[in-house]
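The sequence and the coordinates are shown first.

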Amino acid sequence: MEDSTPIDGRKLRYQHRRAELLEQVTAYVTANGVGELSMRPLAKDLGISHATLIHHFGSKEQLLTEVVATLRDSSSLDISSGTDIVEMMTSYWNRRTSAESLPNFRLMFEIYGQALLHPERYREFLDHVVGDWLGGLTEAALAHGCPPDRADRYATIVLAQIRGLTLDLVTTGDRVRIDAAFAEFAAAMGALVSSWKAI
């Protein structure tokens with residue numbers, strides 16, 4: 001039976017405009033950082049009213065939480081069990097640390113710092129910034145044969161290594177040393193996964 005529910009044109013336009021604004025905001029804060037970010041100057045730069053920006057996103061903290069969620073969604077890890085783990089990790093690392101993507105993680109670390117200073121304002125961000133990544137990495141470990149009782153531990157190790165090396169890279173710019181360290185880590189994970197498959 002054909003759905004006769006009327007289409008709310010205003011709602012559709014709202015959803016489209018919100019996604020468009022979030023994309024513009026993400027580009028703005030990636031280029032300018034969040035240290036001096038204020039909603040009124042941001043709205044002016046985007047060519048909209050302060051009231052419109054508040055209507056769509058509520059607060060600066062909520063806005064930045066959504067920016068990070070957008071960046072996280074665009075940098076997800078392929079957890080296919082049929083993919084060689086070393087190739088999978090290396091491909092992900094190369095995408096994550098490319099010239100186009102690295103500024104996104106510099107921004108994430110900056111927002112992370114703000115959230116740790118003001119946890120009451122960034123509660124939603126802090127609730128997701130570790131847990132959401134761990135969920136995907138735990139699935140990846142299980143898909144590659146990790147014993148279920150240890151999957152979250154290995155997911156934690158992988159998350160800590162990747163974030164630590166990324167922070168080192170944005171801090172020092174020493175790509176040769178850090179890429180070599182990541183290659184060693186990926187190889188070690190490959191050997192570990194092989195041991196799971198042998199069980």
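## Arg177 and its salt bridges

Arg177 has a relative accessible area of 41% and is therefore partly exposed, where under 20% counts as buried, over 50% as exposed and the range in between as partly exposed (1.4 Å probe, protein chains only). The side chain of Arg177 forms a salt bridge with that of Asp168, at an N to O distance of 2.9 Å; a salt bridge is taken as a side-chain nitrogen of Lys or Arg within 4 Å of a carboxyl oxygen of Asp or Glu. A salt bridge also joins Arg177 to Asp174, with 3.0 Å from N to O. Asp174 is likewise partly exposed, at a relative accessible area of 31%.

The model is predicted: local features require pLDDT of at least 70 and side-chain atom pairs count only at pLDDT 80 or more, whereas totals for chains, interfaces and linings use all residues. Residues are numbered from 1 along each chain as its sequence is written, and side-chain values use heavy atoms, with hydrogens and water left out.

Side chains of opposite charge can pair when their charged atoms come close. The structure holds seven salt bridges, one of which pairs Arg18 with Glu66, with 2.6 Å between the closest N and O atoms. This pair links distant parts of the chain, since Arg18 lies in helix α1 (residues 9-32) and Glu66 in helix α4 (residues 60-73), 48 residues apart. Helices (H or I, at least four residues) and strands (E, at least two) are DSSP runs, numbered from the N terminus.

Are the two partners buried or partly exposed? Arg18 counts as partly exposed, at 22% relative accessibility, while Glu66 is buried, at 15% relative accessible area.

## Helices α5 and α10

Two packed helices are described by the angle between their axes and the distance between the axes. The axes of α5 (residues 85-96) and α10 (residues 175-198) come within 8 Å and cross at roughly 150°; axes are lines fitted to C-alpha atoms, for helices over the stretch in contact, with angles from 0 to 180 degrees between N-to-C directions. The two helices are therefore roughly antiparallel, given that angles under 35 degrees count as roughly parallel, over 145 as roughly antiparallel, 65 to 115 as roughly perpendicular and the rest as oblique.

On the α5 side, the contact (heavy atoms within 4.5 Å) involves Ile85, Val86, Met89, Thr90 and Trp93, and the α10 residues they meet include Phe182, Phe185, Met189 and Val193. By class, the contact residues comprise 11 nonpolar, two polar and one charged.

## Helices α8 and α9

The axes of α8 (residues 131-143) and α9 (residues 151-172) also come within 8 Å, crossing at roughly 120°. This angle makes α8 oblique to α9. Among the residues forming the contact are Trp133, Leu134 and Leu137 of α8, together with Ala155, Val158 and Leu159 of α9.

## Overall make-up

The protein contains 10 helices and zero strands. Of its 199 residues, 38% are buried. Among contacts between residues at least 6 apart in sequence, 65% join residues at least 24 apart.

Notes:
Nonpolar A, V, L, I, M, F, W, Y, C, P; charged D, E, K, R; others polar.
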